[in-house]
Amino acid sequence: MKQEIHFVTGKGGVGKSVIAAALALKKSREGKKVLLVELGDQSFFKDFFELPSVGFQPTSIRENLSLALWTGDACLQEYARYLIKVESLAKLFFENAVMRAFINVAPALPELAILGKVTSGPRKHGPPLPFDCLVVDAFATGHFIALLEAPKGMAQAVQFGPMGEQSRSIDACIRNEDLCKYHIVTLPEELPVKEATELVQRLKAEFSISSELILNKMVQTNIPEASLKEVQSEDSDLGKFAAYIEHQLAHQTEMREKAQKTTENILSVPLFFETKPWSLVEKIAEVLK
């Protein structure tokens, strides 16, 4: 089975991590062995799912679903051990002061190491990653662009040798729409929609990547418009709530129309009033494509 890679990004606070978890759960329920990957030093899911720990090595959290937390440094160290083979030499390599200084100042090296590991399966290069599907809870929009730019930048800086060759291979992989899918999460609010649609355009212009835009936390109701207006005439809390709902529905429509000027590939995820984390993730998984 060809490995799928899904990147989920969006402005901070729009719910991208929960959407990523829901997508991972959906894929796992299709019978695929799925790895949900967090990027960075701290795990959101450790507290969200009340897990004892989340680390670099995958931990099973549901049937067919595992979770891991990857940093650029940890990915780089694992890759070096894979190449050098001898643990003591790999340790010496990373404890060398000159090499540490190079790693710390080399532009985009952590990002390149992360993408190298994420794409290692399709490229058949690097430590084995025995999963049918990777769902990456990626960096927020600005850092996400820097992540995707890393392979091309390194390939231009180092045009020859293994690093240049691997950088070009990673760059080709992330642009391959048969392998990599991109999901941009936003709230139906002015600034998040603006940032999300700008990212859709930039991915298309710079990487020839088509992406899915997910409008998260959309208020949905079956109450007829006439009934909302009728209740609003009442001088009560219910009347004020009806006015809020009407305003929110109109605003959501406006935001969706703005987004549609950039892309037609839009999915709406309802606002679920659910306090239990797994119940919320399961409900969202049911509406994802």
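Biologist: Ground rules before we start?

Modeller: The model is predicted, so local features need pLDDT of at least 70 and side-chain atom pairs 80 or more, while totals for chains, interfaces and linings use all residues. Residues are numbered from 1 along each chain as its sequence is written, and side-chain values use heavy atoms, without hydrogens or water.

Biologist: Is β5 buried or exposed?

Modeller: Strand β5 (residues 133-137; strands are DSSP E runs of at least two residues) is mostly covered, with five of its five residues buried. Buried means under 20% relative accessible area with a 1.4 Å probe, protein chains only.

Biologist: Which residues sit on which side?

Modeller: Cys-133, Val-135 and Asp-137 are on one side, Leu-134 and Val-136 on the other.

Biologist: Which strands run parallel to it?

Modeller: β1 (residues 4-10) is joined to β5 by five bridges, and His-6 has Val-135 as its bridge partner. β2 (residues 34-39) is also joined to β5 by five bridges, with Val-34 opposite Cys-133. Pairing requires at least two DSSP bridges.

Biologist: Switching to helices. How do α8 and α9 cross?

Modeller: The axes of α8 (residues 141-157) and α9 (residues 161-174) come within 8 Å and cross at roughly 145°. Axes are lines fitted to C-alpha atoms over the stretch in contact, and angles run from 0 to 180 degrees between N-to-C directions. Helices are DSSP H or I runs of at least four residues.

Biologist: What makes the contact?

Modeller: Among them are Leu-148 and Met-154 of α8 and Met-163 and Ile-170 of α9. Contact means heavy atoms within 4.5 Å.

Notes. Buried means under 20% relative accessible area, exposed over 50%, partly exposed in between (1.4 Å probe, protein chains only).
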